[in-house]
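Please read the numbered points with the sequence and the model at hand.

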Amino acid sequence: MKLSKLAALTSARVEGTTADIEIAGAAGLDEASTGQVTFLANPRYTPRVKTTNASAIYLGEGVDAGRKDIVVLRSNDPYLAFTRALRIFHPEPSFEPFIHPSAVIDPTAKIDDHVWIGACAVIGRNVEIKAGVHIYPNVTIYDDAIVGKDSAIHSGVAVREDTQIGERVIIHNNAVIGCDGFGYAKDEERHWLKIPQTGRVVIEDDVEIGAGTTIDKASVGETRIGRGTKIDNLVQIGHSCTVGQDSLLCAQVGLAGSSHIGNRVVLAGQAGVAGHLTIGDDVVLTAKSATSHDVPAGKVISGIPAFDNRDWLRSTAAFRRLGEMQRTIREIEKRLAAIERSSIDE
């Protein structure tokens, strides 16, 4: 692809009057070779610009490449531009309609003509599979589920009954969507009595769900994941939770039942949210933090229990100095005691 065309497609501009060269791919600074484009977004990697073999590089405004033999593509967001370039050179694979002979499909299921269903997949009663769906081997889709257009469900996934999956959803290996919520009541003899889980899970359009993630259906009503939200591997979302649009839930995040997560929220790795809480829009909960209270919109919080990130940073800095502070306090106490004895003697 000509460099000028690539620049236009990735919302960048070619700097200078460099002759239009051919770009055949995109790669990182260390991996790129002649004929490929790379990028610099993090200043810590600036020295690697001098050693990269790439023919072109995405740079932010005002950032100097430090060399004359590489073409600069200016962008307000080099990482975003590079991501677009990767998508251009690595488009989603197309497929021809296909249903493997070993797939088990209930005769009541409504399967569009343009789908791909792999070996040993199981499709239950009254399931609806829309056009462009790719179902990999060993997927199980329970009764009355719906899978929207152009979605991909990878091997080992279980989609439970009544689940609704939107368009362009990606579900990675061994995720479980719509399993029973963790709900029990004690009877008169103090035995646990299972609460029927009669709700469903709704996954809106453009959601991606990582490998090994579990999303529980509601006891009543629904568990809902909003449009464009991305969920990492090994995340647990409890029954009756809602997650807003364009949020990020990183690896090993846990949401207890009836948690309500706003739009554009970032829950970093191993963060936890207690049940029946509301996390406002644009909140960031940093890694390994947990909250047991509602969080207003726009807050960045850290720690267990989590509180304002700036206060947490000051607290952790002080924590590291506790030993020194203890010695100082003891020394001050000794001095005060000596002064008191001296005043009494006088």
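1. Two strands are said to pair if DSSP finds at least two bridges between them. Helices (H or I, at least four residues) and strands (E, at least two) are DSSP runs, numbered from the N terminus. On these terms, an open sheet of 5 strands has the order β1-β5-β4-β3-β2, and its pairing is mixed. Its edge strands are β1 (13–14) and β2, each of which pairs on one side only.

2. The basis of the note should be stated at once. This is a predicted model, in which local features need pLDDT of at least 70 and side-chain atom pairs count only at pLDDT 80 or more, while totals for chains, interfaces and linings use all residues. Residues are numbered from 1 along each chain as its sequence is written, and side-chain values use heavy atoms, with hydrogens and water left out.

3. Gly25 stands opposite Gln36 in β3, and Ala26 stands opposite Val37 in β3. On to β4, the pairing of β3 is again in the parallel sense, over 3 bridges; here Val37 stands opposite Ala56.

4. Which way do the residues Gln36, Val37, Thr38 and Phe39 point from β3? Gln36 and Thr38 point one way, and Val37 and Phe39 the other way. In a regular strand the side chains alternate between the two faces of the sheet. All four residues of β3 named here are buried, where buried means under 20% relative accessible area, exposed over 50%, and partly exposed in between (1.4 Å probe, protein chains only).

5. Helix α2 (residues 78–89) has 12 residues. The expected span of a helix is 1.5 Å times one less than its number of residues, so α2 should span 16 Å; its end C-alpha atoms are 17 Å apart, which agrees.

6. Which residues of α2 are buried? They are Pro78, Ala81, Phe82, Ala85 and Phe89.

7. The buried residues of α2 pack against α1 (3–9), β2 (25–26), β3 (36–39) and β4 (56–59), contact being defined as heavy atoms within 4.5 Å.

8. Ser4 lies in helix α1. With a relative accessible area of 40%, Ser4 is partly exposed. Apart from neighbours within four places in sequence, Ser4 is in contact with Val14 and Asp20. Ser4 and Tyr136 are 132 residues apart in sequence and 38 Å apart in space, C-alpha to C-alpha.

9. A further open sheet is formed by 9 strands in the order β8-β11-β14-β17-β22-β25-β28-β31-β34, with parallel pairing. Its edge strands, each pairing on one side only, are β8 (110–111) and β34 (278–279). Strands β25 (residues 222–225) and β28 (residues 242–243) run parallel and are joined by 2 bridges; the bridge partner of Arg224 in β28 is Thr242.

10. Is Thr213 buried or exposed? Thr213 counts as buried because its relative accessibility is 0%. Its place is in the loop between β23 (208–209) and β24 (214–216). Not counting residues up to four places away in sequence, Thr213 touches Ala175, Val176, Ile231, Asp232, Asn233, Leu234 and Val235. The side chain of Thr213 reaches the backbone nitrogen of Val235 at 3.1 Å.

Conventions: Polar contact = N/O pair within 3.5 Å; in protein donor to acceptor, adjacent residues only side chain to side chain.
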